[in-house]
Amino acid sequence: MTPDHPIVLFDGVCNLCHGAVQFIVDRDPRATFHFASLQSDRAAALLREHGRTPPAGDPESVVLVEDGRIYEHSTAALRIARRLGGLWPALYAFVIVPRFVRDAVYRLIARNRYRWFGRTEQCRVPTPELRARFLS
């Protein structure tokens with residue numbers, strides 16, 4: 001199944017990740033992105049479709065499913081920024097920074113996200129207006 005919209009797979013128990021999803025929603029007036037928690041069955045199925053193993057335990061990356069491909073870590077974040085409103089697409093210029101450098105910074109934040117931003121025991125339920133953009 002190839003999705004019509006890019007899908008952002010995020011850590012459903014991470015407060016930073018919830019904030020990032022809200023950030024994307026607020027800057028995505030065309031409702032381009034859809035979302036699913038990495039802990040969901042839908043995310044697991046999408047990952048398996050693309051030859052990936054669903055994460056066991058705490059997922060370490062946001063995953064973007066776009067145009068039949070999987071993007072992770074800093075590349076996913078930059079590709080998401082590229083489609084947002086305002087000046088955010090300018091961040092895509094950082095794609096010229098070698099991926100190992102970008103991903104090292106990304107992983108530092110990912111490794112410490114629960115300590116710095118906290119976690120919740122369950123995914124938050126989206127508002128009724130946003131529910132259609134969240135896949136289950």
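The model is predicted. Its protein chain holds four helices and four strands, arranged along the sequence as β-α-β-α-β-β-α-α.

**Overall picture**

- The protein chain has 136 residues, and 43% of them count as buried.
- Its accessible surface comes to about 7900 Å², with 57% of that belonging to carbon and sulfur atoms.
- If you take the contacts between residues at least 6 apart in sequence, 67% of them join residues at least 24 apart.

**How α1 meets α4**

- Two packed helices are described by the angle between their axes and the distance between the axes.
- Here the pair to look at is α1, covering residues 15–26, and α4, covering residues 99–117. Their axes lie 8 Å apart, at an angle of about 100 degrees.
- That angle makes α1 roughly perpendicular to α4, because angles of 65 to 115 degrees fall in that class.
- On the α1 side, the contact is made by Asn 15, Leu 16 and Cys 17. Their partners in α4 are Ile 109, Arg 113 and Phe 117.
- Sorted by class, the contact of α1 with α4 has four nonpolar residues, one polar and one charged.

**Cysteines**

- A disulfide is a covalent bond between the sulfur atoms of two cysteines. The count of disulfides in this model is zero.
- Cys 14 has a relative accessible area of 0%, so this residue is buried.
- Cys 17, one of the α1 residues that meet α4, also counts as buried because its relative accessibility is 16%, and the cut-off for buried is under 20%.

**Two positive phi values**

- Most residues other than glycine have a negative phi.
- Ala 31 is not a glycine, yet its phi is positive, at about 55 degrees. You will find Ala 31 in the loop between α1 and β2, the strand at 34–37.
- With 25% relative accessibility, Ala 31 counts as partly exposed.
- Asp 67 also has a positive phi, near 50 degrees, in a residue other than glycine. Asp 67 sits in the loop that runs between β3 (63–66) and β4 (69–72).
- The relative accessible area of Asp 67 is 66%, so this residue is exposed, the cut-off being over 50%.

Notes:
Residues numbered from 1 in each chain as written. Predicted model: local features only at pLDDT ≥ 70, side-chain atom pairs only at ≥ 80, totals over all residues. Heavy atoms only, no water. Axes fitted to C-alpha atoms, helices over the stretch in contact; angles between N-to-C directions. Parallel < 35°, antiparallel > 145°, perpendicular 65-115°, else oblique. Contact = heavy atoms within 4.5 Å. Nonpolar A, V, L, I, M, F, W, Y, C, P; charged D, E, K, R; others polar. Disulfide = S-S within 2.5 Å. Buried < 20%, exposed > 50% of the residue type's maximum accessible area, 1.4 Å probe, protein only. Areas by Shrake-Rupley, 256 points an atom, 1.4 Å probe, with all protein chains shown as cover.
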